[in-house]
Amino acid sequence: MSTPHAALDRVDERLSDTKDARGLVSSSLRNIRDGDLGFLPVVVGLVIIAVIFQILNPVFLSSINLVNLTLDSAAVGVISLGIVFVLLVGEIDLSVGSVSGFSAAITAVLFVRHGWNLGLAALAACLVAVAIGLLYGVLLTKFGMPSFVASLSGLLAFLGLQLAILGDQGSVNLPFDSALVFFAQLAFVPAWLSYVLAALFAAGFLLARLGVRRRRTRANLSSAPLGVLVGAAVLLLVALEFAFWYLNRARGVGWMLVFFLVLVLVANYAITRTKWGRSLLAVGGNREAARRSGINVSFIYWSAFILTALLACVGGLLSAGRLASANLSSGTGDVNLNAIAAAVIGGTSLFGGRGSAFSALLGTLVIAAIANGLTLLNLESSWRFVITGVVLAVAVGIDSLARRSRANHGRA
Amino acid sequence: MSTAPGVDVRPASGSGQPLLSLSKITKSFGAVKALTDIDLQVNAGEVVALVGDNGAGKSTLVKTLSGVHAPDSGTFLFDGRPVHLTGPAAAIDLGIATVFQDLALCENLSVVDNLFLGRELSPFALDETTMEVKSWELLRSLSAKIPTVRIPIASLSGGQRQTVAIARSLLGDPRIIMLDEPTAALGVAQTAEVLGMIRRVSERGLGVIVISHNMEDVRQVADRVVVLRLGRNNGTFDARTVTTQTLIGAITGAEDHA
């Protein structure tokens, strides 16, 4: 078991865990006991939700319904991914719903009523969103206005602008042959390509991990055993291929879903593997420490707010494409809170400095599953709100309890 | 002595001139004279303790040295050359690092993350392996007792956090390091650990300035003790021979050594 030369990072006798398979299992169990729950609550929650709805209505886990579920998730998921960035720096943007609706309205009005090119219209909406994000950033860093208040004002103001530019008709229908509607409703990955993409992803995962392992071993640092890495990659491959196969029994894997997944992966890379992402976490953890380390704190805040607004805009466009219209209710109602709730349910802390891009993916699946399941049961939307609210309360409760437990066990 | 890469160890300057030399430094805030005609010398490889009662001007002096405040008058020689610090960044560029009392660590980030915060290697594809190796080499060279560098700062004790903060300031390759109350709120063993670390830092050829209220610690770790009282020098003592009684006398003004 033991290596002749202890790795550079395994010398201290106080270290009780090992990096072999058994050590990994025992250290993950200890993490969970100490309150470092990771994605466990949300995954368990998803399984419970799936089981309950499947018992109540066997359509729930059918391929047809899951295809719908994934498409429903993508738009809110993109908005929620944006929320992850502001939460990481310990701020909030309550106006993502309004910004998404406003962006959809801008695009639809320019495209349909003024005959602009769709790409240009979307670009205009994106530029407006960037300006909104920058505005929040400047209000926070230059005027010290809490983002809670700034974005609450924005929620109302941009909703008003959305209504204003939609005008008396109140609704703009997007033509079905437009690229946006096609992308959001009809564009599916060919079955063979979906399997190839899944295989490529698993292979990429394995290669990246093997590369890390090789570099660490060369530097005389401990690393996960080969078997664990290969096992994880195989598990990932099987899970993805199965999921895609299951979706392919119906309409298949939507390009919109792939788009969302790619965004999540890119965001995850940016957060975990770049200096900018490290700075986000540092600002969220201890703003003063980040400033003294030479991090441009204002820039980090601005970039987080801009990304949030930009992703809200993209999510709004996807949502408009899915409904083939931009109207008075685009981005209103529960869009805002669903997006924020999804990030929190997925495990991104409201208190800053802790979170992951994957929390947007998992949390959105929970929210979308509840909405979808309750719709299948013909429950009124009133009950949907109640149940989503309860799930959010449970998620935040788990977060708070885990936070306290982490503090007791000396973890961040 | 093993050295970490990135931490350049310079020999004590052979010419015998002090690394840092202040003379007649004066600083006023409005009508209040915070510092009056302060003299201070720090040689390479020397630990200088700065002691004084509250309001004696220790913090103002440290802030002057770290570029936060510009002195009103007086000469500031670094390596024999007159310098004029325009801001904290200028002080760091010159090679004067400061570890403030609040340490300024991000509790949610790991030891490696904190050590390299703001100077990560390869910003668009973080080189975690090299950063971890360099962290280990640096911490080992300081005989720091950190079990693993991949745990968040929140998991560490006060002494370990102080260790990380000192190690981080060394990564910037400074010539002088200033520590503000490094042993405040530490237990016996942790205090000993941090004091040992301060000695090891000075053995690398760095000049160390330590602010402390604890006379035991001061006499244990310092070579010289500089006492400030009401913004003026009130004596410089050899830490090996001075008694706590004398130091307290100088701090409180019972004895005048100006």
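**Basis.** I worked from a predicted model, in which local features need pLDDT of at least 70, side-chain atom pairs count only at pLDDT 80 or more, and totals for chains, interfaces and linings use all residues. Residues are numbered from 1 along each chain as its sequence is written, while chains are lettered from A and ligands numbered from 1 in the order in which they are written.

**Four-strand sheet.** I found an open sheet in chain B with the order S2-S1-S4-S5 and antiparallel pairing. Strands S2 (32-42) and S5 (81-82) of chain B each have a single partner strand, so one side of each lacks a neighbour in the sheet. I took strands (E, at least two residues) and helices (H or I, at least four) as DSSP runs, numbered from the N terminus. Two strands pair if DSSP finds at least two bridges between them. S1 (residues 20-29) of chain B is joined to S2(B) by seven bridges, and I noted Leu20(B) opposite Val42(B).

**Six-strand sheet.** I traced a second open sheet of chain B, ordered S6-S7-S8-S3-S9-S10, with mixed pairing. Its edges are S6 (96-99) and S10 (232-238) of chain B. Five bridges join S9 (residues 224-229) of chain B to the antiparallel S10(B), and Val225(B) faces Phe237(B) there.

**Contact with chain A.** I recorded 24 residues from chain B and 29 residues from chain A; residues are in contact if their C-beta atoms, placed from the backbone, lie within 7 Å. Helix H4 (residues 128-141) of chain B gives the largest share of the chain B side, four residues.

Key:
Two residues are in contact if their C-beta atoms, placed from the backbone, lie within 7 Å.
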